Amino acid sequence: MKFIFFILLIFSSNLLFAKNVESSEIEVINLHETKSLDQMVLDNLNSDDEIEEVIEDISDNNEKENNVVEVNQDEIENNVVEVNQDEIENNNFIYTNNTKDLKNYFKYLKNISSKTLQKEIIEVLQNLELNIENDQENEIFFLIADYFKSIGQINKSYELIEQYQINNNKNFNFYTGIKLNYLLSTFQLNEACSFKEELNPNIKLDYFYLDKLDIFCLILNGNKSEANLLNSILIESESNLDIYYQHLFSLISGSLDKFDIDKDIINSEINTELIFLYSAMTRIAELPFSHEFFELDKKNLSIPIILNQASPIDLRIKAANESFFENLITVDSLAALYMSADFNSDQLNNPEETIESFSNNNELSMAFLYQLINIQIFPNDRLNALIQFWDFAKRNNLEDIAYKLSANMLSTIEASSENIIYGPQIASAYIFNDNFDNAVYWIELYENAKQVDSKSIYTRILLDLYSSNDLNSFINSINLTLNNYTEDQDNQNAELLFVLKDVMNLDINSNTNVNLDNIFDDRSMLSIFLFNEISNSIINNNEEKFLFYSLISLDDKEWKDIHPEHLKLLLNGYLKYNEGSLFRNLILEVFKNYKFII
């Protein structure tokens with residue numbers, strides 16, 4: 001019955017959106033493809049990086065062409081000397097620090113809540129040119145590889161290692177573990193087993209890792225008797241028996257009945273150093289992953305969990321959301337997984353009760369609301385379901401996903417007197433899908449009917465952030481938009497406007513009255529020494545130093561949690577950093593974190 005209902009659901013959805021489906025087919029995840037989804041994701045990710053580089057090059061060239069000015073030869077030579085000096089000063093920051101200081105720096109870079117800054121520090125570290133024959137630079141290389149692994153970017157660590165000859169490196173064992181873990185996490189089992197065979201027999205990894213992988217590879221190749229023999233030797237050799245591994249081995253080797261040991265596996269202690277091996281074995285055994293296992297390393301374990309049909313659907317959706325935020329899967333793959341969640345007719349016919357029953361499960365709620373949109377026949381009902389979907393997503397910081405999933409549905413919304421009230425929400429969805437003309441159309445419809453208010457102001461700010469071609473046009477747009485902002489402000493938003501007015505030299509009103517009820521600020525301020533170092537790095541244009549110290553100052557903190565003076569210092573720095581290339585995205589993060597944008 002569920003299967004028939006699901007077919008009818010998809011059929012009705014296709015009738016409603018046939019025009020859109022013709023131009024963009026939904027990608028279906030095929031679990032039986034010869035090439036693993038993990039590898040396809042990596043291929044797509046590499047392609048995306050190449051496209052981004054081309055776009056950036058084109059943008060840079062266009063900007064240079066539009067800003068051609070005549071200068072004499074002396075000015076050119078002076079500028080070249082100045083740039084070279086800046087480059088030397090910037091690069092010297094990492095290279096001239098001793099290992100002890102660098103270890104401390106990286107320790108405070110592991111909990112960066114800003115995705116923009118996390119991406120930036122990764123790119124800076126990836127682009128370093130290191131001579132690992134030099135002891136100091138070899139230590140830097142090791143710290144970077146370890147840092148990437150520690151923040152759930154084992155793919156970046158692997159890519160870094162592959163760029164260098166490390167066969168005789170003193171940290172070769174560590175790099176071997178990185179490579180094996182990467183191959184296992186992306187389900188490249190043949191490559192992992194082949195690489196293991198090529199290793200020197202004298203190489204040893206902790207927790208009998210290579211012995212366990214060897215046994216696993218023997219099973220994959222059908223050599224069960226030899227695998228059983230080596231496993232019996234492993235059991236005698238391990239002083240602290242790895243119960244979790246033994247249960248997985250029993251399943252994939254057919255030694256024990258699956259039903260008898262599932263409970264034991266769930267209750268067994270998991271060695272976090274072996275989670276990638278466990279992950280590969282779990283997929284072979286067709287066992288479900290648990291929520292607790294996923295939390296061990298969400299970024300690296302997301303793809304295996306998505307593909308594992310034995311895992312709970314809410315966990316698979318949670319992993320898919322994580323992968324989407326990391327640009328590892330497409331919105332079409334995400335939509336296919338959302339549609340695969342199984343809801344019966346009673347649940348779909350009683351949406352309020354169903355949502356209430358999912359009150360502690362955002363993943364099932366999102367999937368249910370998405371399917372609810374797709375079964376609506378009448379346009380008004382569909383729009384109401386869309387608004388409910390968007391509102392729920394925004395309350396749970398999933399609006400990026402909700403708007404992207406809604407892309408094909410937006411064109412079905414008609415501009416009627418009943419729908420204009422939803423103009424800001426519809427415009428926001430268009431903005432997130434880079435359709436700025438339709439966004440402006442809906443904003444203007446709303447403002448003509450309802451006048452300018454906080455909803456339309458916030459939506460115009462969102463439009464400014466996404467549609468401005470360069471930093472100056474962005475600041476000018478923000479200035480014009482915030483000029484119309486006359487609504488009462490809470491204390492935090494008043495502080496934010498005060499900071500932005502100062503940083504971007506905006507011609508806007510901001511409340512500067514002293515509130516005697518709030519004489520002291522509970523938010524901690526930077527130490528005077530760190531504040532001074534950041535300030536000096538901005539003045540001296542030492543961008544690498546500024547990046548490191550600014551990130552250290554943000555360790556495990558969100559934008560709204562830092563002192564306004566701290567925020568002002570960092571925004572002033574990033575207005576100059578790399579010609580302001582990160583500034584717009586950071587302002588968007590700040591607005592969203594302050595809940596300034598609806």
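Trainee: H9 and H15, parallel or antiparallel to each other?
Mentor: The axes of H9 and H15 cross at roughly 25°, so the two helices are roughly parallel to each other. Roughly parallel means an angle under 35 degrees; over 145 is roughly antiparallel, 65 to 115 roughly perpendicular, and the rest oblique. Angles run from 0 to 180 degrees between N-to-C directions, with axes fitted to C-alpha atoms, for helices over the stretch in contact.

Trainee: What kind of model is this?
Mentor: It is a predicted model, where local features need pLDDT of at least 70 and side-chain atom pairs count only at pLDDT 80 or more, while totals for chains, interfaces and linings use all residues. Residues are numbered from 1 along each chain as its sequence is written, and side-chain values use heavy atoms, without hydrogens or water.

Trainee: Back to the pair. Which residues of H9 and H15 make the contact?
Mentor: H9 passes H15 in a left-handed crossing. Asn181, Leu184 and Ser185 of H9 touch Phe276, Leu277 and Ala280 of H15, with contact meaning heavy atoms within 4.5 Å. By class that is 4 nonpolar, 2 polar and no charged residues.

Trainee: Now H8. At what angle does it pack on H9?
Mentor: About 125°, with the axes 9 Å apart. That makes H8 oblique to H9. H8 spans residues 154-162 and H9 spans 172-185.

Trainee: Left-handed or right-handed crossing of H8 and H9?
Mentor: Left-handed. H8 brings Ile154, Asn155, Ser157, Tyr158, Ile161 and Glu162. From H9 come Tyr175, Ile178, Lys179, Asn181, Tyr182, Leu183 and Ser185.

Trainee: How many charged residues in the contact of H8 with H9?
Mentor: There are 2 charged residues, beside 7 nonpolar and 4 polar.

Trainee: And H13 on H15, at what angle?
Mentor: H13 (residues 243-253) and H15 (residues 275-285) pack at about 30°, axes 9 Å apart. They are therefore roughly parallel to each other. This crossing is left-handed.

Trainee: Which residues in H13 and H15 meet?
Mentor: Tyr244, Tyr245, Leu248, Phe249, Leu251 and Ile252 in H13 meet Leu277, Tyr278, Met281, Thr282, Ile284 and Ala285 in H15. The tally for this contact is 11 nonpolar, 1 polar and no charged residues.

Trainee: New topic. How many cavities of 30 Å³ or more does the structure hold?
Mentor: The structure holds 1. A cavity is a set of points on a 1 Å grid where a 1.4 Å probe fits but cannot get out. The largest cavity has a volume of about 30 Å³.

Trainee: Which residues line the largest cavity?
Mentor: Ile112, Ser113, Ser114, Leu554, Lys557, Glu558 and Trp559. Lining residues have an atom within 4 Å of a point. The lining has 3 nonpolar, 2 polar and 2 charged residues.

Terms used. Helices (H or I, at least four residues) and strands (E, at least two) are DSSP runs, numbered from the N terminus. A crossing is left-handed if the near helix is turned anticlockwise from the far one by less than a right angle, and right-handed if clockwise. Ala, Val, Leu, Ile, Met, Phe, Trp, Tyr, Cys and Pro count as nonpolar, Asp, Glu, Lys and Arg as charged, and the others, Gly among them, as polar. On a 1 Å grid over the protein atoms alone, a cavity is a set of points where a 1.4 Å probe fits but cannot get out, and a pocket is an open set with protein on both sides within 12 Å along at least five of seven lines; lining residues have an atom within 4 Å of a point. Grid points are joined across faces, edges and corners, and a volume is the space filled by probe spheres set on the points.
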